[in-house]
Amino acid sequence: GVVTKDPESGVMNVGIYRGMVSAKDRIPILMWRAQHIGHHVTAWQNGGSSEMPIAVAIGWEPSLGFTGGSPVPKGVCEYDVMGSIRGAPVDLVKCETVDLYVPATAEIVIEGYLQLDPKNWDMEGPFAEFTGYVAGDKSPKPTIRVTAITHRNNPILRGAIEGSLPGSYSENGICSSIMRAATAWNVLDRSGVPGITDVWCPPVQTGINLVIQMKQSYRNQAKQAANAIWGSSAAHVRYKHITVVDDDIDIHDYAAVDWAIAHRVNAGEHDVIIMPETFGAGLDPSTRKRDRNPALFGTGKWHRVLIDATMNLDYDPDPDLGGARFPPKVWPEQKDVDAAMKRWSELGLAKPKSG
Ligand SMILES: Cc1cc2nc3c(=O)[nH]c(=O)nc-3n(C[C@H](O)[C@H](O)[C@H](O)COP(=O)(O)O)c2cc1C
């Protein structure tokens with residue numbers, strides 16, 4: 001967990017940010033302006049500082065990595081969220097050379113000052129990234145000038161498996177799928193989007209693709225949901241593609257979502273919306289190299305996509321369908337399913353899969 005502090009409010013932020021040893025006492029890190037650490041950098045620079053106090057706490061309870069890697073809302077300290085998860089406050093200790101606090105029982109703590117002037121940046125990257133690709137080009141990046149390293153006796157250096165690929169989910173992929181789905185649901189609730197019944201990010205893509213299940217009560221509710229998500233700072237490195245389905249579609253089932261996309265999406269009716277040129281993950285290999293430069297732009301460049309795979313409430317209710325907008329599904333009535341099951345079992349045949 002990388003700890004920094006807002007110079008005005010004093011509220012600390014804990015994030016996970018990659019870094020590379022470039023010299024005995026120097027660590028350049030990958031810092032994007034739209035992340036909360038980047039907000040802090042801007043605030044320290046506005047106050048005239050050329051360096052920002054920073055501490056890296058390595059090796060503590062799992063809630064450190066889980067909350068550090070989550071887009072906890074700005075102004076809320078991750079230590080408070082960790083306290084809530086573990087049911088007791090985090091026992092913090094003041095660093096020895098910077099005015100920041102770290103978990104008292106962390107295995108290793110690196111303290112220092114992040115250099116904000118590009119003249120003092122070292123080369124960093126590339127790195128085996130969460131996308132499953134080697135990413136984050138070799139370039140000069142904001143660099144920690146290390147002032148102290150403290151550690152327990154025989155400390156454990158905790159690492160993290162980053163890249164997710166089909167058939168090989170990483171720690172980041174599993175954590176992100178949970179934290180990013182939960183955060184997206186919070187964002188939707190706080191924005192007042194009604195009718196959300198489930199939110200999910202399958203682990204293989206680390207929260208880049210978000211699936212939302214909703215019970216629609218009015219037209220274009222899916223667009224309201226996508227706008228709320230994309231307008232949140234939580235969307236900086238995630239939620240590039242959002243698919244919204246009705247509440248009869250199980251969003252944990254790829255086939256069900258695929259079926260909804262096949263039969264409820266009509267691109268000519270604005271069911272596929274591109275939100276061009278937003279902030280986004282600069283580690284995405286589908287982004288042009290120039291647009292992946294954090295020093296030049298502070299963020300990546302994503303063209304985001306909404307796939308609205310809900311039944312279109314802009315269609316007129318059809319009197320031939322009893323006022324419904326879509327025809328009934330062909331799945332037999334439950335009594336017929338039950339009768340068929342009974343017959344199969346009478347014949348000693350294996351129970352057929354239902355659904
Ligand atoms: C293992 C891991 C490594 C990460 N590396 C970086 C990184 O190098 N740079 C970055 O901006 N975000 C990185 N992230 C994502 C941020 O930690 C994440 O967006 C987090 O929400 C940032 O929190 P903050 O905005 O509160 O600081 C990483 C996440 C994980 C789980």
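How many bridges join strand 4 to strand 7, and in which sense do the two strands run? In this predicted model, eight bridges join strand 4 to strand 7 (residues 108-115), and the two run antiparallel. Within this pairing, Met52 stands opposite Leu114 of strand 7. Strand 4 also pairs with strand 1 (residues 2-5), again in the antiparallel sense, over two bridges. Here Val3 stands opposite Ala55 of strand 4. Seven of the eight residues of strand 4 (residues 51-58) are buried, so strand 4 is largely enclosed by the rest of the structure.

A sheet of five strands is open and has the order 13-14-15-17-16, with mixed pairing. Strand 13 and strand 16 (272-278) stand at its edges with a single partner strand each, so one side of each is left without a neighbour in the sheet. From one strand to the next, the twist averages 15 degrees. Strand 16 and strand 17 (residues 302-309) run antiparallel and are joined by five bridges. Met275 has Arg304 in strand 17 as its bridge partner.

| Strands | Bridges |
|---|---|
| Strand 1 and strand 4 | two bridges |
| Strand 4 and strand 7 | eight bridges |
| Strand 16 and strand 17 | five bridges |

**Helices on the sheet**

Helix 4 lies across strand 13 and strand 14, and runs at about 150 degrees to strand 13. Helix 6 (residues 254-264) also packs on the sheet, where it touches strand 14, strand 15 and strand 17. The direction of helix 6 makes about 85 degrees with that of strand 17.

Which residues of helix 6 are buried? They are Ala256, Val257, Ala260 and Arg264. These residues cover an arc of only 100 degrees around the axis, which puts them on the same side of helix 6. The buried residues of helix 6 pack against strand 14, strand 15 and strand 17. The face turned away from this buried side carries Tyr254, Ala255, Asp258 and Ala262, which are exposed. At the start of helix 6, a side-chain oxygen of Asp253 comes to within 3.0 Å of the backbone nitrogen of Ala255.

**The nonpolar cores**

The largest nonpolar core has 23 residues, of which Leu188, Leu210, Ile212, Ile229, Tyr239 and Ile242 touch the most other members. At least two residues of this core come from each of helix 4 (171-191), strand 13 (196-200), strand 14 (209-214), helix 5 (221-230) and strand 15 (241-246). Helix 5 gives the most, with six residues. Another core, of 18 residues, lies apart from this one and includes Ile37, Trp44, Ile54 and Leu116.

Ile242 shows how one member of the largest core is surrounded. When neighbours within four places in sequence are left aside, Ile242 is in contact with Leu210, Ile212, Ala226, Ile229, Trp230, Val305, Leu306 and Ile307.

**A buried loop residue**

Ser232 is found in the loop between helix 5 and strand 15. Is Ser232 buried or exposed? Ser232 has a relative accessible area of 15%; because buried means under 20%, Ser232 is classed as buried. Not counting residues up to four places away in sequence, Ser232 touches Val187 and Phe279.

Terms used
Residues numbered from 1 in each chain as written. Predicted model: local features only at pLDDT ≥ 70, side-chain atom pairs only at ≥ 80, totals over all residues. Heavy atoms only, no water. Core = buried A, V, L, I, M, F, W, Y, C linked by side-chain atoms within 4.5 Å. Buried < 20%, exposed > 50% of the residue type's maximum accessible area, 1.4 Å probe, protein only. Helix = DSSP H or I, 4+ residues; strand = E, 2+ residues; numbered from the N terminus. Contact = heavy atoms within 4.5 Å. Pairing = 2+ DSSP bridges. Axes fitted to C-alpha atoms, helices over the stretch in contact; angles between N-to-C directions. Arc of directions from axis to C-beta. Polar contact = N/O pair within 3.5 Å; in protein donor to acceptor, adjacent residues only side chain to side chain.
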